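Here's a quick look at one model, with the cut-offs spelled out along the way. Have the viewer open while you read.

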Amino acid sequence: MAAPDRAYETAGCEPEGMTRAEVLAFLRATGKVESWIAGRRARGLRVLKDLPADPTDPAKDEADRLRREQNLSRGEANKRARTAEQLGHLPETQDALENGDINNDHAAAMADARAKADDQAKAALAAAEHELLEQAKDESPPEFRQRLERFIAAHQGEDGLADHDRQKARNTLRSWNDHD
């Protein structure tokens, strides 16, 4: 969807007085427009990162600039900037987002999975990107995120360090004084 003209047209209508079927079409259209906007914003953030910095700009990075431009919380701006960066390596995910095939939460899950993956898992993710996106269309974002976590875990390189880190994280020691 190069530009969501039909979705914009539908989303621009007033929902009051619509039939149930029309309201459902309206909601689908607004979702497609939101996805398109998120995809375009991600592209814009990547372009901004590649431009020379403006020495008079008080923003320290793209996330800070986005926070200031869109009046976002620091956390939300950072999340959007991280997602945008990873989508630069996930072209099919970028396109699916802009086409409204997935929503921003699906794209963020894919971006987070890539960010956490080692080189071996990143290669596997790139090879399976299309198939994973097909599954995302029928899954909620939390379900898709879980699928991606399992996928990355199955494709991570085994250097022993990951196992050691998991074991270390499970080790706990608790102590307390009982005054009985």
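L48 lies in helix α2, residues 20–50 (helices are DSSP runs of H or I, at least four residues, numbered from the N terminus). This is a predicted model, where local features need pLDDT of at least 70, side-chain atom pairs count only at pLDDT 80 or more, and totals for chains, interfaces and linings use all residues. Residues are numbered from 1 along each chain as its sequence is written, and side-chain values use heavy atoms, leaving out hydrogens and water.

Here's how two residues compare on cover (buried is under 20% relative accessible area, exposed over 50%, partly exposed in between, with a 1.4 Å probe and protein chains only).

| Residue | Relative accessible area | Class |
|---|---|---|
| L48 | 36% | partly exposed |
| Q86 | 11% | buried |

Q86 sits in helix α4. Skipping neighbours within four places in sequence, Q86 is in contact with A111, R114 and A115 (contact means heavy atoms within 4.5 Å).

Now for helix α5 (residues 91–98): its buried residues are T93, Q94, A96, L97 and E98. They pack against α2, α4 (74–87), α6 (104–116) and α7 (119–136). Just after α5, G100 takes a positive phi of about 80°.

How values were computed. Helices (H or I, at least four residues) and strands (E, at least two) are DSSP runs, numbered from the N terminus.
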